[in-house]
Structures are given as structure tokens and as C-alpha cells.
Amino acid sequence: MSTDRNDAGDGRDEGAGWREPSHLGGGQDRSGEPDRSAPWEPPGWSLPPAERGPAQEEYQGPPPTAEPPAADRAGGWLGSWGGPAEEPLVVGESSAQDWAIRHGWTLSDGTGPQDAVLQELIDTAPARRIGKEHRATGVVRGRAGSIELVAFDVTYVSGRVRQVEYAVTAAPVLIPLPRMRLSPARLWKHRTGGLLQLPSGDAEFDTRWVLLTEQDTPELRRLVADPAVRGLLLAGDDRDEFWTAGGHLAAIRALPHRGSLIEHHARLLGACLGALAGV
């Protein structure tokens with residue numbers, strides 16, 4: 001999100017060939033070509049690359065039902081770039097569009113009148129490095145149970161570069177809600193000015209999840225107190241974030257969308273909407 005040193009010399013040119021680490025931008029150029037002169041290092045040693053390149057993550061299905069090891073959760077402290085460096089595509093995994101067609105959902109290219117609100121969701125998303133070059137693509141809409149959903153990829157587009165970086169699923173909210181973010185505690189927090197933490201009172205939950213809001217409301221209190229919401233979030237892998245914008249409650253994950261990810265987000269958003277409404 002280097003040349004070898006001449007050990008036989010007098011040391012005066014030590015460090016002359018130094019390059020920035022890959023996570024600071026020195027590991028590859030903008031074209032995505034790797035730096036062949038970089039030294040070998042153990043897997044997982046460096047932080048995830050900040051420069052854009054080929055997508056490294058693909059969704060592997062719903063999160064595990066058990067809490068991941070603490071070491072795995074602690075590794076993603078840079079926010080949405082956290083988690084495993086690679087997730088191989090599961091054989092038979094459906095793309096979001098294939099899944100949507102099978103379930104009778106509608107497809108859009110992200111430029112229709114209904115899609116205008118999606119840019120507001122992108123602009124306010126709690127993810128790092130989202131800017132004016134990002135747009136909604138691969139938009140699908142439909143119902144999951146009793147709720148209406150829209151799901152789309154957040155794609156970085158600049159010149160000939162076109163790279164899917166995030167998956168977003170959102171549901172319209174019928175009650176007015178203040179600006180809020182519900183994020184795993186391990187993720188890097190940014191653009192949180194004016195937001196205060198609203199604790200749930202559950203020590204285990206508050207250790208893993210943080211609710212930030214500009215206003216304490218009964219609806220948000222119900223959200224973090226709801227046993228169904230807590231159960232789903234504590235059983236997950238702490239890689240989804242939630243926020244409100246444009247009259248929607250949305251979830252985001254740093255992967256291209258897949259059918260199983262839509263289903264996973266639908267379960268989480270359904271539980272959250274039920275808690276907010278006091279159902």
C-alpha cells in the first residue's frame with residue numbers, strides 16, 4: 001500500500017548504490033517491472049509495495065469461521081494493504097458479473113445515472129491511496145434477502161494503466177446516520193479528523209474492532225451491541241471496513257470482487273442494517 005558493496009575497498013563509497021526499499025517506491029518502476037538488482041530477502045520481510053503494479057490478491061472465498069492467528073492479524077498494520085501477499089484464485093470461483101447474472105442481478109459499466117452516488121462512496125472510502133484516478137467499474141445490482149445491494153470494483157485508471165484495487169458492496173440506509181467508520185483495530189487509521197471512538201463495552205470486540213463516528217446515536221450503539229454483528233465480525237479475518245456516505249452503508253476489501261465476496265458482504269451488511277434499525 002541495490003548494488004553489492006565492495007568489501008575489499010576502503011569503505012568510502014559504502015552505500016553509494018543504495019536504493020529505497022520496495023515499500024517506499026524503490027523496488028519497481030511505474031511500469032511494474034521488478035528491480036533485478038534488489039537483494040534477496042525472506043518472504044514477508046518487506047511491507048507491501050506502495051507503488052501500483054499487477055494486482056497481488058484475489059479472493060479465496062468467505063473468511064474462516066475461526067479467528068486467524070494473532071501474527072496474521074498483526075501483519076497488516078498499513079491498513080487496506082494488510083493480509084497475505086497473495087491469495088490464489090479458487091478453482092471454480094465465480095466472477096462478480098457471472099454470479100450476478102446467475103442470481104438475476106443487473107449489470108452496469110458505472111456511468112449510468114444510478115451510478116453517480118458510487119463516486120461519493122469511492123471518495124469517502126476508508127482505504128489508502130484512493131484518489132481522482134479511481135472509478136467504479138463492473139457494477140452489479142440486486143437483492144440479497146430483503147435488502148437492496150450494489151457491488152462494484154474500484155479501479156485505478158491512468159493512461160494505459162487499468163488496475164482493480166478494491167471491492168465495494170453497499171446498501172441504502174433508510175434512517176439518517178452520522179458519518180461513521182467501523183474498522184479492524186489493526187488497520188491504519190487515516191482521514192479520521194472530527195471522529196471520536198464509540199466503545200462497545202465488550203473488551204474482546206473493542207480489542208479487534210473500532211467504531212469511529214462524529215456523533216453518538218442510539219442506532220450506532222445498537223450496531224456495536226448487536227450479538228449477530230459481533231459474532232460475524234469476530235469470526236472473520238479483519239480485512240473488511242465499513243463506512244457511511246451518500247445514504248449508504250458500505251463495505252470495502254482490498255481485492256477484486258468475486259461472487260463469494262458479494263455473499264460475504266451481504267451477510268455482514270444485512271446484520272448491520274438489522275442492528276441499526278433495531279430489528
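Asp-237, Asp-240 and Arg-253 are linked in a network of salt bridges, a salt bridge being a side-chain nitrogen of Lys or Arg within 4 Å of a carboxyl oxygen of Asp or Glu. The model is predicted, so that local features need pLDDT of at least 70 and side-chain atom pairs count only at pLDDT 80 or more, while totals for chains, interfaces and linings use all residues. Residues are numbered from 1 along each chain as its sequence is written, and side-chain values use heavy atoms, with hydrogens and water left out.

The whole structure holds 8 salt bridges. One of them joins Arg-230 to Asp-202, with the closest N and O atoms 3.0 Å apart. This pair links distant parts of the chain, 28 residues apart: Arg-230 lies in helix H6, and Asp-202 in the loop between E6 and H4. Helices (H or I, at least four residues) and strands (E, at least two) are DSSP runs, numbered from the N terminus. Arg-230 is buried, at 16% relative accessible area, whereas Asp-202 is partly exposed at 22%; buried means under 20%, exposed over 50%, and partly exposed in between (1.4 Å probe, protein chains only).

Ser-200 is found in the loop between strand E6 (196-197) and helix H4 (203-208), and is buried, with a relative accessible area of 17%. Beyond its neighbours within four places in sequence, Ser-200 is in contact with Phe-205, Asp-206, Val-224 and Arg-230, where contact means heavy atoms within 4.5 Å.

A further salt bridge joins the side chains of Asp-216 and Arg-221 (2.8 Å, N to O).
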